[in-house]
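Good morning, colleagues. Please have the display open as I speak.

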Amino acid sequence: MAERLRPEEIEAWTDARPRWRFRDGKIRKEYAFQSFRSAIVFVNRVATIADELNHHPDIDVRYDRVILSMWSHDAGGVTERDLNLAERIDFATSAR
């Protein structure tokens, strides 16, 4: 089981990454797209990365917006796995 990070560690990580926020025990980022189809293409890319890492975010699709939220259920909070997944998604989608 991964170890839960301290809030100050998570906040230092989010401070260095645009639009990532730490709220309610999760890291979260909202992405905006030009269309519903573009949003779904993004979600499919996220699904591929999540499956590769065997770690899956909560995904909320609202027409042309996608909100990703991550925390490790087994650790009861944010872990290095969540930060790694977030970084991989941003890198692979060029949505930094």
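Predicted model: local features only at pLDDT ≥ 70, side-chain atom pairs only at ≥ 80, totals over all residues.

Let us start with helix α2, which comprises residues 36–53, 18 residues in total. From its first C-alpha to its last it reaches 26 Å, close to the 26 Å expected at 1.5 Å a residue. Which residues of α2 are buried? They are Ala39, Phe42, Val43, Val46, Ile49 and Ala50. These residues lie on the same side of α2, because they cover an arc of only 125° around the axis.

What covers the buried residues of α2? The covering elements include the strands β2 (26–32), β3 (58–62) and β4 (65–70), together with helix α3 (80–93). After α2 comes asparagine 54, which has a positive phi, near 50°.

I turn now to the hairpin. Strands β3 and β4 run antiparallel and are joined by five bridges. Arginine 62 stands opposite arginine 65 of β4. Two residues lie between the strands of this hairpin, and tyrosine 63 adopts a positive phi near 55°.

The largest nonpolar core contains 19 residues. Within that core, the residues with the most contacts are Trp20, Ile27, Phe42, Leu68, Met70 and Ile89. Which elements each supply at least two residues of this core? They are α1 (7–15), β2, α2, β4 and α3. Helix α2 gives the most, with five residues. As a general matter, in soluble globular proteins, nonpolar side chains tend to be buried together.

Finally, the charged side chains. The structure holds nine salt bridges, and I shall describe some of them.

Arginine 65, already mentioned opposite arginine 62, meets glutamate 30 in a salt bridge, at 3.6 Å from N to O. This pair links distant parts of the chain, with arginine 65 in strand β4 and glutamate 30 in strand β2, 35 residues apart. Are these two partners buried, exposed or partly exposed? Arginine 65 is partly exposed, with a relative accessible area of 36%, and glutamate 30 is likewise partly exposed, at 32% relative accessibility.

A further salt bridge joins the side chains of glutamate 52 and arginine 88, at 2.8 Å from N to O. Here too the pair links distant parts of the chain: glutamate 52 belongs to helix α2 and arginine 88 to helix α3, 36 residues apart. Glutamate 52 is exposed, its relative accessible area being 54%, whereas arginine 88 is partly exposed, at 32%.

Arginine 81 forms a salt bridge with aspartate 74, and their closest N and O atoms are 3.4 Å apart. Both partners count as partly exposed: arginine 81 has 34% relative accessibility, and aspartate 74 has a relative accessible area of 42%.

Thank you for your attention.

Methods
Residues numbered from 1 in each chain as written. Heavy atoms only, no water. Helix = DSSP H or I, 4+ residues; strand = E, 2+ residues; numbered from the N terminus. Expected span 1.5 Å × (residues − 1). Buried < 20%, exposed > 50% of the residue type's maximum accessible area, 1.4 Å probe, protein only. Arc of directions from axis to C-beta. Contact = heavy atoms within 4.5 Å. Pairing = 2+ DSSP bridges. Core = buried A, V, L, I, M, F, W, Y, C linked by side-chain atoms within 4.5 Å. Salt bridge = Lys/Arg side-chain N within 4 Å of Asp/Glu carboxyl O.
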